[in-house]
Amino acid sequence: QVQTPVNFIQNIITEDLKSGKNNGRVHTRFPPEPNGYLHIGHAKSICLNFGLANANNGLCNLRMDDTNPTKEDEEFVESIKADVKWLGYDWQDRMYFASDYFEKLYSYAVQLIKAGKAYVCELSAEEMREFRGTLTEPGKESPYRNRTPEENLDLFERMRKGEFPNGAKVLRAKIDMSSGNINMRDPVIYRIMHAKHHRTGDAWCIYPMYDFAHPLSDAIENITHSICTLEFADHRPLYDWLVENVDYSNEADGRPHQYEFARLNLSYTVMSKRKLKLLVEEGHVTGWDDPRMPTISGLRRRGYTPESIRDFCDRIGVAKASNLVDKALLEHCIREDLNKNATRAMAVLRPLKLVLDNYPEDHEELLEIENNTEQEDAGKRKVPFSRVLYIEQDDFLEDPPKKFFRLAPGKEVRLKGAYIIQCNEVIKDEQTGEIIELRCSYDPETRSGLPGSARKVKGVLHWVSAKHAVPAQVRLYEELFTKEQPEQLDSDDDGDFRANINQNSLEVIENCLVEPALAEATVNDRFQFMRQGYFCLDSKDTSTDKLVFNRIVSLKDSWGK
Ligand code: ATP
Ligand code: MG
Ligand code: MG
């Protein structure tokens, strides 16, 4: 497993270990809400939390933060587990659900009530907003604030029993209505919600708020370093207040502390489950795992490797100020990986027929071509060659400009791993004038490996043998959004991010022809199609009688350019 490079949180941990805080324990957690699929931003948090635990001989829990029954689902729980595993991290036997703590959390709320630190409030949502005040104006106390513990206890029990409708009452922590921090102005900690929960069913009709459940779940699990994104910095005083005012009778040393880091924002995409969900539900993409999505499942289907994503998370580092990371860096990471590790192959996306008139009719031969020159032991594969071939349509121009080094009438090129050929005649469709075939000749002395192959020609083209090639569909992807920043950074406002959707983000090319070895490809293989980019089989739409390839990324690297 990977080690996370030194960052400011590691520095805090190093200090804590030195001073003996938490008795030398390091225990982190990754706490997703199962209300959608994980995205590349979550990958950053996963690498950070599991990475810090690994690097410090600590533990990392996987916790489903499932306290909001109307949005959560088993499907999301399963996808989260699969994605974390695929990224290469192991929570071992430490998979937890906040919903398993409902009874405990309830008892903590009762504790606060008994201590006069929480009360049942009946202000409407609108009134509560009014009473809360603003940054420059202190809040007003609720008329229900001075209920006795007995009265509060009775009402809270009846809330649990289901005596009141949604929204009729809430439980609030009694802290400080004049606090400079609005989160401390008697925050709501429980609400009534008559809704079925994906795990606890109808057992509960009151549910704890995130700000209440989260710190106390950390406390229950003996977490030492609770790492979250910057927007929770303002919630930290409430986090501290709760873990200090609730007696959670924890046997472990110390108590959890919250630390904030900048969330990942990536150019040309949006990064919130809610927005990604809209893309799925409105049919802008084919699903959460659409290869254009920034989800982990989308990146996996697109052909990204876990190594490349971990490498990306290492390189972006962990900062305290939010910024926009260039998508080109993510692509650079997968390109580096694939340049080293992907098998080379030839695929013709838009075929043009080419006949070698002087090549014997029924003859064929197997040419040996390197699998990967970046790797000494990658070996060679045999590629069949015969009289009728296909090359790429745009590798031929009838009337070429000066520096065109591909094929043209009377010109020579080398066919990769094969012979030097010359174009002698162009055959066109009589009706349309479209070029349908090239008549060429080959020079038998120039086969790769023979002495005659030393003759220099500028262009090297990829090709397939007509008799042996296998048909395939190829999918080319562009960015899902036309704007580098399709939404306000860190905003929860839908704005017009949907107006910035790229209508041409997918190009499907039918009737491509690929070399026969690719018929044996499996979904875990990744290829460099010569001169075209890196490709993998689509794990969903490929079937026994149809090969479908996704372009993972093109060859051209724009990182740092
Ligand atoms: P989203 O708004 O995308 O749904 P979230 O924060 O609501 O994200 P959670 O399921 O609560 O989603 O996130 C689980 C963990 O992942 C949290 O600790 C959160 O801070 C972290 N996380 C979420 N998005 C990012 C991001 N873009 N960059 C880094 N960490 C993130
Ligand atoms: Mg969240
Ligand atoms: Mg969210």
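Student: How do the residues of the shell around ligand 1 divide into nonpolar, polar and charged?

Tutor: First, this is a predicted model, where local features need pLDDT of at least 70 and side-chain atom pairs count only at pLDDT 80 or more, while totals for chains, interfaces and linings use all residues. Residues are numbered from 1 along each chain as its sequence is written, and ligands are numbered from 1 in the order in which they are written. A residue is near a molecule if its C-beta atom, placed from the backbone, lies within 6 Å of it. Ala, Val, Leu, Ile, Met, Phe, Trp, Tyr, Cys and Pro count as nonpolar, Asp, Glu, Lys and Arg as charged, and the others, Gly among them, as polar. Here the shell splits into 5 nonpolar, 5 polar and 6 charged.

Student: Which residues are closest to ligand 1?

Tutor: Of the 16 that surround ligand 1, the closest are Pro 32, Gly 41, Ser 45, Arg 263 and Lys 273.

Student: And which element gives the most to that shell?

Tutor: Helices (H or I, at least four residues) and strands (E, at least two) are DSSP runs, numbered from the N terminus. α2 gives the most, with 4 residues. β8 (225-229) and α9 (273-281) each supply at least two.

Student: What is the order of the strands in the open sheet?

Tutor: Two strands pair if DSSP finds at least two bridges between them. This sheet of 3 strands runs β1-β2-β3, with parallel pairing. Its edge strands, β1 (27-30) and β3 (95-97), each pair on one side only. β1 is joined to β2 (residues 59-64) by 4 bridges, and Thr 28 has Cys 60 in β2 as its bridge partner.
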